[in-house]
Amino acid sequence: MAAIIQPGLGVLARIRGWLKTIMRVTTRQIGRLDRSMRNRQAMRVLARMDDRMLADIGLNRGDLQDAYAQSLWRDPGNLLRARALERRLARLGISYGFEAKRPPAPPLAPQVDDMAVSQAREAFSNSK
């Protein structure tokens, strides 16, 4: 009889593990949704500010509209923080590493030193 009960306990342990995982994921998602909703409420305060006040924190009306346009599941604070950081770095002249690093293009005109130019002038003037 112990052999019949033992496999059932293993299955119950697996089911318990799955339920714990489902609860953990659900709790995390509810927490994200709650944080997103709180940040959307805070965005209402930002929307009431005038353009000068928004510029002081590195934002503009377009940034708020873009953040509102995101889905309800996405946190608008992430977008606003990124936009403010981009402007702050640009104002300081700091590159944040998104430019493509390309080797310099070769010059269109050949590189000629002064000695070659003087020799060419001399040869041209002698040919007349």
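Is Gln70 buried or exposed? Select Gln70: with a relative accessibility of 18%, this residue counts as buried, since buried means under 20% relative accessible area, exposed means over 50%, and partly exposed is in between (1.4 Å probe, protein chains only). You'll find Gln70 in the loop between α3 (61-69) and α4 (76-92). Show its surroundings and you'll see Gln70 touching Arg40, Asp75, Pro76 and Leu79, leaving out residues up to four places away in sequence; a contact here is heavy atoms within 4.5 Å.

Some housekeeping before we move on. This is a predicted model, so local features need pLDDT of at least 70 and side-chain atom pairs count only at pLDDT 80 or more, while totals for chains, interfaces and linings use all residues. Residues are numbered from 1 along each chain as its sequence is written, and side-chain values use heavy atoms, with hydrogens and water left out.

**Zoom out: the whole chain**

Colour by secondary structure. The chain has five helices and zero strands, and from the N terminus on its elements run α-α-α-α-α. Helices (H or I, at least four residues) and strands (E, at least two) are DSSP runs, numbered from the N terminus. Now try a surface view: the accessible surface of the chain comes to about 10900 Å², and 61% of that belongs to carbon and sulfur atoms. Accessible areas come from the Shrake-Rupley method with a 1.4 Å probe, and for residues only the protein chains shown count as cover. Of the 128 residues, 14% count as buried. Among contacts between residues at least 6 apart in sequence, 53% join residues at least 24 apart.

**Stop one: helix α1**

Select Val11, Leu12, Ile15, Trp18, Leu19 and Ile22. Together they form a nonpolar patch on the surface with about 580 Å² of accessible area. Patches are made of residues with over 30% relative accessible area and no salt bridge; like charges are joined within 9 Å, and nonpolar side chains (Val, Leu, Ile, Met, Phe, Trp, Tyr) within 5 Å.

Next, select Asp75 and Arg35. They form a salt bridge, with the closest N and O atoms 3.6 Å apart. This pair links distant parts of the chain: Asp75 is in the loop between α3 and α4, Arg35 is in helix α1, and they are 40 residues apart. A salt bridge means a side-chain nitrogen of Lys or Arg within 4 Å of a carboxyl oxygen of Asp or Glu, and by this rule the count comes to seven. Asp75 is buried, with a relative accessible area of 10%, whereas Arg35 counts as partly exposed at 40%.

At the start of α4, a side-chain oxygen of Asp75 reaches to within 3.2 Å of the backbone nitrogen of Gly77.

**Stop three: along α4**

How many residues does α4 have, and what should they span? At 1.5 Å a residue, its 17 residues should span 24 Å, and the end C-alpha atoms are 25 Å apart, which agrees; the expected span is 1.5 Å times one less than the number of residues. Highlight the buried residues of α4: Pro76, Gly77, Leu79, Leu80, Ala84 and Leu89. Ala82 also sits in α4, but counts as partly exposed at 34% relative accessibility. Just after the helix, Gly93 takes a positive phi of about 75 degrees.

**Stop four: Asp63 and its partners**

Now go to Asp63, in helix α3. Which residues does Asp63 contact, leaving aside neighbours within four places in sequence? They are Gly58, Leu79, Leu80, Arg83 and Arg87. Asp63 forms a salt bridge with Arg83, the closest N and O atoms being 2.8 Å apart. The two are 20 residues apart and link distant parts of the chain, Asp63 in α3 and Arg83 in α4. Asp63 is buried at 2% relative accessible area, while Arg83 counts as partly exposed at 21%.

**Last stop: Arg52 and Asp50**

Finish by selecting Arg52 and Asp50, whose side chains meet in a salt bridge (3.7 Å, N to O). Arg52 counts as exposed at 58% relative accessibility, and Asp50 as partly exposed at 33%.

Note on methods: Polar contact = N/O pair within 3.5 Å; in protein donor to acceptor, adjacent residues only side chain to side chain.
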